[in-house]
Amino acid sequence: MINKLKTTIDFIKKNIDADDYAIEARVKDSLDTRFAQNRITQNMSGVKFSIDVTLYYGSKSGSVSIDQLDEYFILERLANAKTIALHTSEDKEYIPSEGAKEFLDYNNFDQEIADLTVEDHLVIIKRCVDNALEQDAVVSGMVSRHIINSFLTTKNGFIGENNYTIFEHSMTIKKDERETRVSRSVIRKKLHDIEAMLAELNTNFQAIDKANEMLPCKIPVILRPQAVIDIFSFMSWFMDRRGADLGMTPFSNQIGKHFFGKDFDMCSTLDDDRIMRQAFDGSGLLNQNTEWAKDGVLMNLPTGKSYAQQHDLKYVNQPFNIVIAGGDKSEEDMMKMVDEGLIINRFWYIRVIDGKSGELTGLTRDGVLYFKNGKVEKSVNNFRWNEIPHDMTRRILALGKQVVNDTHSIIPTMLIKDFTLVDNTRF
Amino acid sequence: MELGKIAIDYARSLGADFADIRIQRTKREFIFVRDLNVKRFNNDDSYGYGIRVFKNGAWGFAHNKIFTKDAIIDTVKSAFNIALASSEINKNFKLQLTPERGYIDTYKTPVCIDPFSVSPKEKIDMLLEINRTLLSYNDIKQARAMVISQNDHKILINSDGSHLNIDTTYVYPSYTAVAVNSEDSQSRSFNPGATAAGWEHVLDLRMLENADRVAREAIMKLNADSLPGDKRRDLVLNPDHLALTMHESVGHPTELDRVLGWEADFAGISFATPEKLKNYQYGAKIVNFTANNKLAGGMATAGYDDDGVPNQEWQIIKDGILNEYGTTRDTASFIGQTLSRGCNRATNYYDMPINRIPNLYMEPGKEECSPNDLISAVDEGVMIEGQGSFSIDQHRINFQFGGDMFWEIKNGKRTRPLKKILYRSNNPEFWNSVEAIADKRFWKSWGVNNCGKGQPGQTGRMTHGASPTLFRNIMVGGSK
């Protein structure tokens, strides 16, 4: 299909007279199977594609998407883009499209994922349902496989292609008030081990009992990798040089300073093939290995190319993946380091409370365990927390080994002192 | 449409228990202006069809955008094979569809001025002028303005004999001023929500006339105090704020798919379980929530849902008691209902419909009561306008909300602006704390165009509404 779209792009190029342009074609072939309460509730398949065209006349632009390939339709859409561009106002921050570049072809494509069928999904789901039935429980979840091809070209000569596959599997087991979840999202099928996932699910499920009431407080917490990435991926969304320079975020004037705790290192890397590596972004700018925090010092903030040019700064890409440095402590070691605390599996519904201070709110989800004197004592209710992530890194007491958490992150478990719980879920 | 008939006939010939084809074209225009620069003027157009086949208690869904007889036959075959394979897993846990008759009908959102016929220049000029007004204040460091216009044309044909031709349009403009000083940064927005209407609605909103007030309130908020510490206080919540609170704490918990646990792995489930129907005190006795997919201007108003079920009006909460859910043809039978309430909707042609919140609003108070009457009944409290931070647990019990503008109430009077205010509560505490609701003169609607749900993710549309409402004794405080 992508080759057919490339032919269409040739036709598009012949029929535009813009000063500059960027054209991106995208094809996504997905198979998504949702299950709930031990039955399949949705099972969906299809290929969708589109070509996004942005035309520039001077510093004015108009964008359209094209998803029908007959020539009449394409010409009508191109005329639409031109009309928009000619009648709009200028973008004084316009920069010309990217030119030809050389870059490495990272291999994010896995034939084993591409070959997965509906029947393969059903085998996985049947195994999940059988496991739940053995425990007189119900299971809900999702199995998905995606094959994605994208192709970007510009008037100034950039040509780049990304082909990748993603396999996702999640499951939540539930019986009465007990519920917990395990999920994996991988770019190589060999990183998906259903028996390991079920063993983790069952271990967590057996550790959870009726949720005992516990009041909110400041308390040490062991954040499992999913909980850690939940917080720091959210924080990364408002890491931005423009916003920082305007004084809108906590990152203002902090580059080069000990903004984080000394044990906090975070980067984006093109060197680890277990997670997604993309050579360029959606406008053809090349991604590079980027340190965001090193020994607690804020090293970089994403900086758009036009903003960088205006302010004599270097362009810095977005965090295209997130790797947080780990340590060597196990959960058992961490439980022995503090008198008492909570083990948190995952967070939910994180939102910004205050953009300037960087304060976030969210809730625990899928099982909270209370430990004391080095041992898990009971499961407790869910909590609401309000925390400032960079401030939280100053309270890191220990780091666990890194794990590949999903397609875009490698994350350790963290032991954090005085985590701020502000409310509990009670009914 | 001939191709639709081919799809249904072929699905029948394969032995489908039920089948439908939804042919959908979505046109969407998005314009975004920041600091006098037109950052995005995008016109999307997606066109294709989704086919559902129901066989032996299981669904199969396949989508395509190639409109040939062979492609349609292949897509039906794919949906049928997926359903058949899925039914093996479901053999002891079958889905059931409630019955529905066939309808031949059309629906079109009343539109005076087609938003796609308005010139790009007119739209851009309006957004730029708003930018200029906001940026004319020194303390406003960033101005953002946007407008979305969308039209969806659906043809739904199913094996019940329905042939529906549905054409909906909505517009959604908004803008934000960000005020910054050396200590803090605060924003204020003009955000009227989305409305099923044409460009005439945008003109009626008097957007530019409000820009000066919005800029001044952003600066006022920047220089305001917060409240020291958490404390139980009274709240007067305006309709443009309450829309989101009711969406999260009443709308989602009463979607039957969540109640049944179908979203347990992702969006979450609901505390409002079926044994609570007709007996659970969800709110105070004066609290009545009406679902109404026939609401004029309602974002969910479309004549029929994507199950081919006609739009209806019913009560979700009646005199404070949980009365009913929003249901679909594949969920209703699980609680013994014989008909669906028509809440199955998909976003794009390639999305399978899912159980959605209907247009859902709180009825105004029956007694004569104004917002000033509510304020004068408060000794110590906060009035909140607009929307800010929002977060709720996966059972829809524990929630925390911020807002866009806050006013302190002292001894029955609105006294000074505040910032960084949050309130925290749990269902059922919150809705049972309602003491008074302003009357129908003050009722306003607020439309949602981006309700995230489903895997793969979809953005649903619905409208909420309320009159200003007084809540007693809620935990209110400032952020850190």
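A: Seven salt bridges are counted between chain B and chain A. A salt bridge here is a side-chain nitrogen of Lys or Arg within 4 Å of a carboxyl oxygen of Asp or Glu. The model is predicted: local features need pLDDT of at least 70, side-chain atom pairs count only at pLDDT 80 or more, and totals for chains, interfaces and linings use all residues. Residues are numbered from 1 along each chain, chains are lettered from A and ligands numbered from 1 as written, and side-chain values use heavy atoms without hydrogens or water.

Between Lys420(B) and Asp354(A), the side chains form a salt bridge, with N and O 3.0 Å apart. Chain B puts 87 residues in contact with 81 residues of chain A, contact being heavy atoms within 4.5 Å. What area is buried between chain B and chain A? The figure is about 6,900 Å². It is the accessible area (1.4 Å probe) lost on joining, summed over both parts. Carbon and sulfur atoms give 49% of that area between chain B and chain A.

Now take the salt bridges of the whole structure. Over all chains there are 66. One lies within chain A: Glu161(A) pairs with Lys6(A), with the closest N and O atoms 2.8 Å apart. This pair ties together distant parts of the chain. Glu161(A) sits in strand β5 (residues 159-175) of chain A, and Lys6(A) in helix α1 (residues 2-14) of chain A. The two residues are 155 apart in the chain. Helices (H or I, at least four residues) and strands (E, at least two) are DSSP runs.

Stay with α1(A). Its axis comes within 11 Å of that of helix α2 (residues 71-87) of chain A, and the two cross at roughly 50°. So α1(A) is oblique to α2(A). Angles under 35 degrees are roughly parallel, over 145 roughly antiparallel, 65 to 115 roughly perpendicular, the rest oblique. Axes are fitted to C-alpha atoms, with N-to-C angles from 0 to 180 degrees. From α1(A), the contact takes Thr8(A), Phe11(A) and Ile12(A). From α2(A), it takes Glu71(A), Ile74(A), Leu75(A) and Leu78(A). By class, the contact of α1(A) with α2(A) has five nonpolar residues, one polar and one charged. (Ala, Val, Leu, Ile, Met, Phe, Trp, Tyr, Cys and Pro count as nonpolar, Asp, Glu, Lys and Arg as charged, the others as polar.)

Further along chain A, helix α4 (residues 118-134) and helix α5 (residues 194-207) bring their axes within 11 Å and cross at roughly 25°. That angle makes α4(A) roughly parallel to α5(A). On the α4(A) side, the contact is made by Ile124(A), Arg127(A), Cys128(A) and Asn131(A). On the α5(A) side, Ile194(A), Glu195(A), Leu198(A), Leu201(A) and Asn202(A) take part. The contact of α4(A) with α5(A) counts five nonpolar, two polar and two charged residues.

Chain B has a helix pair to set beside these. Helix α1 (residues 2-14) of chain B and helix α2 (residues 69-89) of chain B have axes within 9 Å, crossing at roughly 40°. Therefore α1(B) and α2(B) are oblique to each other. Leu3(B), Ile6(B), Ala7(B), Tyr10(B), Ala11(B) and Leu14(B) come from α1(B). They meet Lys69(B), Ile72(B), Ile73(B), Val76(B), Lys77(B) and Phe80(B) of α2(B). Ten residues of the contact of α1(B) with α2(B) are nonpolar, none polar and two charged.

Last, the backbone in the loops. Asn427(B) and Pro428(B) are joined by a cis peptide bond, omega about 10°. Pro428(B) lies in the loop between β20 (421-426) and α9 (429-432) of chain B. The bond from Gln455(B) to Pro456(B) is cis too, with omega near -5°. Pro456(B) is in the loop between β22 (444-453) and β23 (458-466) of chain B. In chain A, Asn373(A) occupies the loop between β13 (359-372) and β14 (375-380). Its phi is near 50°, a positive value in a residue other than glycine.

Definitions and conventions. Buried area = accessible area lost by both parts, 1.4 Å probe.
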